[in-house]
Amino acid sequence: MDVESLAVELFGLRPAEFTAARDEYVAKARKAGDRELAAAISALRKPTVAVWAAGLLARRRPKEAQSLVQLGEALRTAHRTLDAGQLRRLSHDQHVVIQRLARTARALAVEAGQAVSEPVLHEVEQILHAVLADPDVAAQWMAGRLVKAPDAALGFTGLEPAPGAAPPRRAARSAAPAKEQVRPPDPDAGGRVVQVRRERARAARAEAAEAEAEAERLEAARAAAQEAADRAGTDAAAAEEEVRVAGCERSRYSPGVSSRNSPGPGARRGLR
């Protein structure tokens, strides 16, 4: 029994089950006389629902989790090489992939008996953004050892462009006299931000269109069901009417049958 393997096991439990299971392992370690292990296990803290749900995704969907890690590696490479086209494409991909994986994590959590609110779902998305930006966070996440939500990812910090990757225009500026170095910010940076925002808006519009189409499909299904119910009601009313008419016909012919079978007046006098 070691704390690393126990941490992976404990973080796989639902948050509501974590504390009791951890304390049980602490008691076992103390009983075995391993005070150091008991202290290490006791130091493990219950993960938040968002951290647990993100870890559940890595456990239950390892191939999709690996794809996210690979996307992060591709994004870091594009940042190093300053490949604008690749950055635009991958930036769009990351938002689509993260939203899809966050929804998958939520579904897995619900299957495991843990509700995930909208704020928690947003936290899951932030964790997945950190997985993309930080290889250390990605390694902990893939290994099931992510103990707390990382700081919000503000981009791929700490990445320097590869040698020779800077655009020629920037290289020419670096050779200019010192007083010419102080210039306004690169206008291309704002263009890239606008492009990323346009991509996000395009993805949001696509999702909205998909949701609207789904709503229309559900409305059409509801209308068809209502029409079927109306037809069934009409058929039932017609059947009831046929039953009523048949009952009237039968009652109209019944008196004649009973009069032929009843004894006549003479027979009744004879009986007296």
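A search of the whole structure finds 1 cavity of 30 Å³ or more, a cavity being a set of points on a 1 Å grid over the protein atoms alone where a 1.4 Å probe fits but cannot get out. About 50 Å³ of space lies in the largest cavity, the volume being the space filled by probe spheres set on the points, which are joined across faces, edges and corners. The model is predicted: local features need pLDDT of at least 70 and side-chain atom pairs count only at pLDDT 80 or more, whereas totals for chains, interfaces and linings use all residues. Residues are numbered from 1 along each chain as its sequence is written, and side-chain values use heavy atoms, with hydrogens and water left out.

**Cavity lining**
- Lining residues have an atom within 4 Å of a point; for the largest cavity they are Phe 11, Pro 47, Val 51, Trp 52, Gly 55, Arg 59, Gly 144, Arg 145 and Leu 146.
- Helix H4 (residues 49–60) gives the largest share of this lining, 4 residues; helices are DSSP runs (H or I, at least four residues), numbered from the N terminus.
- The lining divides into 5 nonpolar, 2 polar and 2 charged residues, where Ala, Val, Leu, Ile, Met, Phe, Trp, Tyr, Cys and Pro count as nonpolar, Asp, Glu, Lys and Arg as charged, and the others, Gly among them, as polar.

**Aromatic pair**
- The structure holds 1 aromatic pair, a pair being rings of Phe, Tyr and Trp (its six-membered ring) with centres within 6.5 Å; planes under 30 degrees apart count as stacked, over 60 as edge-to-face and the rest as tilted.
- The rings of Phe 11 and Phe 18 have their centres 5.9 Å apart and their planes at 5°, so this pair is stacked.
- Phe 11 counts as buried because its relative accessibility is 4%, and Phe 18 likewise at 0%; buried means under 20% relative accessible area, exposed over 50% and partly exposed in between (1.4 Å probe, protein chains only).

**Helix H3**
- Leu 37, Ala 38 and Ile 41 are buried in helix H3 (residues 35–42).
- These residues lie on the same side of H3 because they cover an arc of only 100° around the axis, taken from the directions from the helix axis to the C-beta atoms.
- The buried residues of H3 pack against helix H1 (3–11) and helix H2 (15–31), with contact meaning heavy atoms within 4.5 Å.
- Exposed Arg 35 and Glu 36 are on the face of H3 turned away from its buried side.

**Thr 104**
- Thr 104 is placed in helix H6 (residues 84–111) and counts as buried at 18% relative accessibility.
- Leaving aside neighbours within four places in sequence, Thr 104 is in contact with Leu 57, Arg 61 and Glu 64.

Conventions:
Helix = DSSP H or I, 4+ residues; strand = E, 2+ residues; numbered from the N terminus. 1 Å grid on protein atoms, 1.4 Å probe; cavity = no way out; pocket = protein on both sides within 12 Å on 5 of 7 lines; lining within 4 Å.
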